[in-house]
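This report examines aromatic rings and the charged groups placed over them. The structure is shown first, and the description follows.

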Amino acid sequence: MPAQFALDMALLDQHYRKLQAEVHPDRFAAASPGERMQSMQWATQANEAYRTLKHPTTRARYLLALHGVDTEEENNTAMPADFLMLQMEWRETVEEAYDERNIAALDASLKQMREQAQALEQKLVAILDQQQAWQEAAGIVRKLSFIDKIRADVEHKISKLEDE
Amino acid sequence: MAYSDKVLDHYENPRNVGSLDKNDPSVGTGMVGAPACGDVMKLQIKVNEQGIIEDAKFKTYGCGSAIASSSLVTEWIKGKSLDQVMEIKNSDIAEELALPPVKIHCSVLAEDAIRAAVADLKAKQGTKDEHEQAA
């Protein structure tokens, strides 16, 4: 696989299945305990690698780590004000919609968030693969990290309302 | 996770929730966010002519510790000067609220919010001074 952000998902799936078949513990059922242990570790690593590469945020974070860049998601709190305002607005809208048990409104918010995330991911293709502007890319990963969190929260709220 | 009594108290009865007019020249607004947990915090301070913070409001979306941290700092900073509040450390907040290690970043967020609000106010008043000098 090329170490870049733009990803051919079919190619990733293909590599993953091939690798998974090679290291699957079932193939080592008759092997020595040491080899069985080794195959378990390989299989776990292959799963981890697949998960990391499949999701855009973790893929970008991993690529930045390869270039020695920390995305500082634990301690960099200085996000652009307009982005934080939007986060506040989203939180307010989601809270209201949830209180009103309005699943359609939650779905609409989710769609907005998905579009924002997709726009940022498009930007990352240019910034990571072409410009190699690592610090700028780290800022986008921090934004995506926010959007991932709120999307997961909205999805959780929707399924809670649907279950009731 | 078990919250300390102080966190619960601030979480259930948050002090100074709300907004101040961000266009008021005596109001400084600090907006910060923690990517790792998705928390967003807005802290606003209003200073009088002596440079003392006479009012503070906050709005926080996040976990109980983040809400408690911002609620606590609004209490702490009222009646203090800008220089005094710049001395507040996240460790003071974490200690007061007995935050566990995984929640320390909530107190970091609150400290950063104070700094951002003070910086915003100073930037506003700095430009105002320049206008006065120019006039």
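## Charges over rings

The charged end of Lys157(A) lies over the ring of Tyr98(A), at 5.3 Å from the ring centre. A charge sits over a ring if NZ of Lys or CZ of Arg is within 6 Å of the ring centre and within 35 degrees of the ring normal. Arg59(A) likewise has its charged end over a ring, that of Phe5(A), 4.6 Å from the centre.

## Basis of the values

This is a predicted model, in which local features need pLDDT of at least 70 and side-chain atom pairs count only at pLDDT 80 or more, while totals for chains, interfaces and linings use all residues. Residues are numbered from 1 along each chain as its sequence is written, chains are lettered from A and ligands numbered from 1 in the order in which they are written, and side-chain values use heavy atoms, without hydrogens and water.

Tyr16(A) and Tyr50(A) are stacked, because their ring centres are 4.0 Å apart and their planes meet at 10°. This pair links helix H1 (residues 9-23), which holds Tyr16(A), to helix H2 (residues 33-54), which holds Tyr50(A), across 34 residues of chain A. Helices are DSSP runs of H or I with at least four residues, numbered from the N terminus.

Tyr16(A) is buried at 14% relative accessible area, and Tyr50(A) is buried at 15%. Buried means under 20% relative accessible area, exposed over 50%, and partly exposed in between, with a 1.4 Å probe and protein chains only.

## The edge-to-face pair

Phe83(A) and Phe146(A) form an edge-to-face pair, with 5.7 Å between centres and 80° between planes. Phe83(A) belongs to helix H4 (residues 81-99) and Phe146(A) to helix H6 (residues 134-163), 63 residues apart in chain A. Phe83(A) is buried at 5% relative accessibility, and Phe146(A) is buried at 0%.

Notes
Phe/Tyr/Trp six-rings, centres within 6.5 Å; stacked < 30°, edge-to-face > 60°. Helix = DSSP H or I, 4+ residues; strand = E, 2+ residues; numbered from the N terminus.
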